[in-house]
Amino acid sequence: MQIVEKSAEGLSRVYGVTFAASLIATRTDAKIAELAPQLNIKGFRKGKVPVVHVKRMYGKSILGELLNELVQEGIEGTVSSNGIRAASQPDVKNLGNLADVMDGKADLTFDVELDIMPDFTPADLQSLSVTRPVAEATEAEIDEALAEIAKQSQSFEVKKGKAANGDAVVCNFVGKIDGVEFDGGKADGSTVVLGSNTYIPGFEEQLVGVKAGDEKVLNVTFPAEYGVATLAGKAATFDVTVVEVKKPVETKIDDELAKTIGLSDLATLKDAIKKNIEDQLAQLSRQKAKRSLLDALDATHSFDLPPKMLAAEFEAIWAQVTQDKAAGNEDPEDAGKSEDELKAEYTKIAERRVRLGLVLAELGRVNGVEVKDEEVARAIQAEASRYPGQERQVYEFFQKNPNAVASLRAPLYEEKVVDFVLQMAKVTDVTVTRAELESEDEVAPAAEAKPAKKAPAKAKAKKEAAPAEEAPAEAAAEEKPAPKKKAPAKKKAD
């Protein structure tokens with residue numbers, strides 16, 4: 001095999017690979033000689049088939065398999081012999097005349113095109129300055145959470161008289177459209193808490209004033225965005241029979257409340273609430289610290305980016321932007337801009353993501369950061385748990401799709417690198433309020449990107465992890481279907 005460098009422009013490389021016809025002939029004969037003793041061909045004893053006969057019958061197919069092997073061998077040889085760290089999957093171009101190669105009249109020639117990793121020295125981690133906003137769980141937040149738990153633990157007792165807002169109406173109902181009952185529109189003994197806004201608009205409101213034994217016809221219209229397409233926007237009636245009316249009983253915030261949810265006393269409940277709030281705040285704090293870290297890494301690194309990697313990242317972002325626009329979710333900031341202007345802006349976002357991905361990957365490599373198999377196994381288990389009853393299919397999907405496993409491993413790796421760098425960098429904690437911690441940030445000037453915000457297109461395009469942070473595995477690519485429900489129930493499909 002002969003390998004020569006044909007082109008070197010920036011990080012792009014083109015290598016010419018040649019396998020001599022004589023070498024191909026020798027390798028083909030060796031394969032035939034290896035195969036002949038294993039063949040069982042009519043008219044010959046097993047293992048006694050003449051090599052010339054095997055070559056006449058199977059030579060072309062054997063040669064075809066060999067050529068595929070030689071192309072792969074040429075790719076691997078190109079990378080290893082030149083000490084290349086490939087940044088993209090090598091492409092095979094300009095294959096020579098295969099008919100002549102098959103006939104032994106020509107050498108096998110082809111080009112291997114690929115991008116190489118940029119050569120750069122990561123920043124001294126101890127020189128990086130990171131700001132980490134932190135917030136503490138306040139007594140007001142704990143009291144608010146306690147009040148919500150008490151509300152959710154609300155109990156009721158039978159009430160004489162008419163139902164008012166806050167009361168619970170136990171009733172039977174039958175839903176109809178144009179006088180015909182529809183699937184999911186019937187229930188017996190259903191409890192409707194008036195004023196909870198749990199049922200579709202108009203349902204609860206028309207039950208105010210009813211009492212036990214009353215029969216009433218409710219006239220409602222399903223919301224246009226209702227989760228069941230056959231009911232969305234439709235006018236309907238519900239024949240309701242009131243079984244009983246109940247009034248709320250005051251739920252005291254005391255040891256008994258804690259016991260209803262399995263805790264020993266109120267103090268233990270407060271501690272659990274505080275711990276939960278602190279965990280939420282710590283997660284938000286880490287997200288802000290990560291943003292600060294990525295901005296610092298982006299500002300301290302400048303190097304050429306692999307063209308193929310950059311093109312792939314931009315195409316992924318642009319596909320999402322185009323999809324969101326088609327779905328009516330265009331970012332308001334994009335409105336009125338030309339396609340060239342938008343592509344220029346999103347190219348800068350792609351550049352930041354690729355650059356940060358390469359920096360994080362290099363930091364992980366030089367510092368020996370690894371994701372263990374058991375960590376990936378836990379991630380797969382967590383993914384499978386999202387689909388009750390389908391866990392086996394999810395596990396099988398990952399077993400058969402290495403790329404899906406890689407899509408889970410990549411964000412795990414990135415987070416481990418981020419944690420490592422945060423341990424090494426100069427991190428300054430700044431006390432802020434929860435509202436400040438939850439506020440949206442703007443991307444630092446170094447990113448040269450538009451402010452991050454909640455618009456669907458930007459939320460996906462500006463994910464701070466570069467190529468290392470890919471989308472969730474395709475095993476669960478399709479959202480779980482919304483469960484069927486009783487028609488008057490909640491406003492939105494679950």
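I take partly exposed to mean a relative accessible area between the buried limit, under 20%, and the exposed limit, over 50%. By that rule I noted lysine 343, at 28% relative accessibility, as partly exposed, and glutamate 339, at 47%, falls in the partly exposed class too. I keep in mind throughout that this is a predicted model.

Entry: I looked up the pair formed by glutamate 339 and lysine 343, and found a salt bridge whose closest N and O atoms are 3.1 Å apart. Because the two residues stand four apart in helix 8 (residues 339-366), about one helical turn separates them.

**Entry: the chain as a whole.** I recorded 13 helices and 11 strands, and of the 494 residues 37% count as buried. The accessible surface comes to about 27,700 Å², and carbon and sulfur atoms account for 50% of that area. Among contacts between residues at least 6 apart in sequence, 72% join residues at least 24 apart.

**Entry: salt bridges across the sequence.** In one, lysine 60 meets aspartate 103, with 3.1 Å between the closest N and O atoms; lysine 60 sits in helix 2 (residues 51-81) and aspartate 103 in the loop between helix 3 and strand 4 (108-115), so that the pair links distant parts of the chain, 43 residues apart. I found lysine 60 partly exposed at 48% relative accessibility, and aspartate 103 likewise partly exposed at 45%.

In the other, the side chains of aspartate 429 and arginine 132 meet at 2.7 Å, N to O. Since aspartate 429 lies in strand 11 (residues 426-431) and arginine 132 in strand 5 (residues 129-134), this pair ties together parts 297 residues apart in sequence. Aspartate 429 is partly exposed at 43%, and arginine 132 is partly exposed at 28%.

**Entry: helix 6 against helix 11.** I then asked at what angle the axes of helix 6 (residues 266-299) and helix 11 (residues 402-424) cross. They cross at roughly 80 degrees and come within 11 Å, which makes helix 6 roughly perpendicular to helix 11. Arg286, Lys290, Glu414, Glu415 and Asp419 are linked in a network of salt bridges.

**Entry: around helix 3.** Val92, Leu95 and Leu98 form a nonpolar surface patch with about 220 Å² of accessible area together. Leucine 98 belongs to helix 3 (residues 98-102) and is partly exposed at 38%.

Conventions
Residues are numbered from 1 along each chain as its sequence is written. This is a predicted model: local features need pLDDT of at least 70, side-chain atom pairs count only at pLDDT 80 or more; totals for chains, interfaces and linings use all residues. Side-chain values use heavy atoms; hydrogens and water are left out. Buried means under 20% relative accessible area, exposed over 50%, partly exposed in between (1.4 Å probe, protein chains only). Contact means heavy atoms within 4.5 Å. Accessible areas come from the Shrake-Rupley method with a 1.4 Å probe; for residues, only the protein chains shown count as cover. Patches are made of residues with over 30% relative accessible area and no salt bridge: like charges are joined within 9 Å, nonpolar side chains (Val, Leu, Ile, Met, Phe, Trp, Tyr) within 5 Å. A salt bridge is a side-chain nitrogen of Lys or Arg within 4 Å of a carboxyl oxygen of Asp or Glu. Axes are lines fitted to C-alpha atoms, for helices over the stretch in contact, and angles run from 0 to 180 degrees between N-to-C directions. Angles under 35 degrees count as roughly parallel, over 145 as roughly antiparallel, 65 to 115 as roughly perpendicular and the rest as oblique.
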